[in-house]
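Reader: Please take me through the structure shown below by question and answer. I would like the cut-offs stated as the terms come up.

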Amino acid sequence: LALAAFSAFTAAPAAAQINVTINEFYDAPDFDVTDGVIDADNLTPGNQITLRAAFMHANFTGGNWKFQLPAGTYTLSLTGAGEDNAHAGDLDINAITAEVECGFGIAIIDAAVLGDRAFHVLGGGTFTLDRVTVRNAISVGGGALRQESGTHLSIENVKIENCSAT
């Protein structure tokens, strides 16, 4: 009887983390977020995993995500501020847990042509950015990133260059 009472108060295990390695530097949406595959171009063999496609898929699917960035420059270019599922404009973290990390070298997320911030945490989202440079983001309400209604935002070993908010 004591064991049954104890187990009723045991916390549920945390959701398993889904690890994704980004393999494309250009900015393109997921071709079909409903198909269970992150792929920005269904006509090219293999999966073209852009940062935007990965965020779109994560927002649609939900859960706990970790995005590994190989060294290089990731240019965000799909304009469309005000959309909140990462389809255009900034990369939205909407009711998911997401971590973006560069393991080795330097990963740069450049938002120069975007006309928006780079990241937007909302809808109870949790976001960690680690070992990344964010540059050239400009927006109303958050230069490089904005936490609007997210539950947690953490930046570690991050450089923010030439970003502004009005």
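**Burial, contacts and packing**

Reader: Is Ala86 buried or exposed?
Author: The relative accessibility of Ala86 is 0%. Buried means under 20% relative accessible area, exposed over 50%, and partly exposed in between, with a 1.4 Å probe and protein chains only. Ala86 therefore counts as buried.

Reader: What kind of model is this, and which pLDDT do local features need?
Author: Residues are numbered from 1 along each chain as its sequence is written, and side-chain values use heavy atoms, with hydrogens and water left out. The model is predicted: totals for chains, interfaces and linings use all residues, side-chain atom pairs count only at pLDDT 80 or more, and local features need a pLDDT of at least 70.

Reader: What is the phi of Ala86?
Author: Most residues other than glycine have a negative phi. Ala86 is found in the loop between β3 and β4; strands are DSSP runs of E with at least two residues, helices are runs of H or I with at least four, and both are numbered from the N terminus. Ala86 is not a glycine, yet its phi is positive, at about 70°.

Reader: Which side chain makes a polar contact with the side chain of Arg52?
Author: Arg52 is in helix α2 and counts as buried because its relative accessibility is 0%. Leaving out residues up to four places away in sequence, its contacts (heavy atoms within 4.5 Å) include Ala86, His87, Asp90 and Leu114. A polar contact is a pair of N or O atoms within 3.5 Å; within protein, one must be able to donate a hydrogen and the other to accept it, and residues adjacent in sequence count only if both atoms are side-chain atoms. At 2.7 Å, the partner of the Arg52 side chain is that of Asp27.

Reader: What volume does the largest cavity have?
Author: On a 1 Å grid over the protein atoms alone, a cavity is a set of points where a 1.4 Å probe fits but cannot get out, and lining residues have an atom within 4 Å of a point. Points are joined across faces, edges and corners, and the volume is the space filled by probe spheres set on them. The count is 1 cavity of 30 Å³ or more. The largest cavity holds about 40 Å³.

Reader: Which elements each supply at least two residues to the lining of the largest cavity?
Author: Among the lining residues are Asp27, Arg52 and Tyr74. The lining divides into 5 nonpolar, 2 polar and 3 charged residues. At least two residues each come from α2 (51–61) and β3 (72–75).

Reader: How far is the backbone nitrogen of Asp90 from a polar atom of the Asp116 side chain?
Author: Asp116 is in the loop between β6 and β7, and its relative accessible area of 2% makes it buried. Beyond four places in sequence, its contacts include Gly89, Asp90 and Ser139. The separation from the Asp90 backbone nitrogen is 3.0 Å.

Reader: Which side chain is joined to that of Asn136 by a polar contact?
Author: Asn136 is in the loop between β9 (133–135) and β10 (138–139) and has a positive phi near 65°. Its contacts beyond four places in sequence include Ala112, Glu161 and Cys163. The polar contact, of 3.2 Å, is with Asp110.

How values were computed. 1 Å grid on protein atoms, 1.4 Å probe; cavity = no way out; pocket = protein on both sides within 12 Å on 5 of 7 lines; lining within 4 Å. Nonpolar A, V, L, I, M, F, W, Y, C, P; charged D, E, K, R; others polar.
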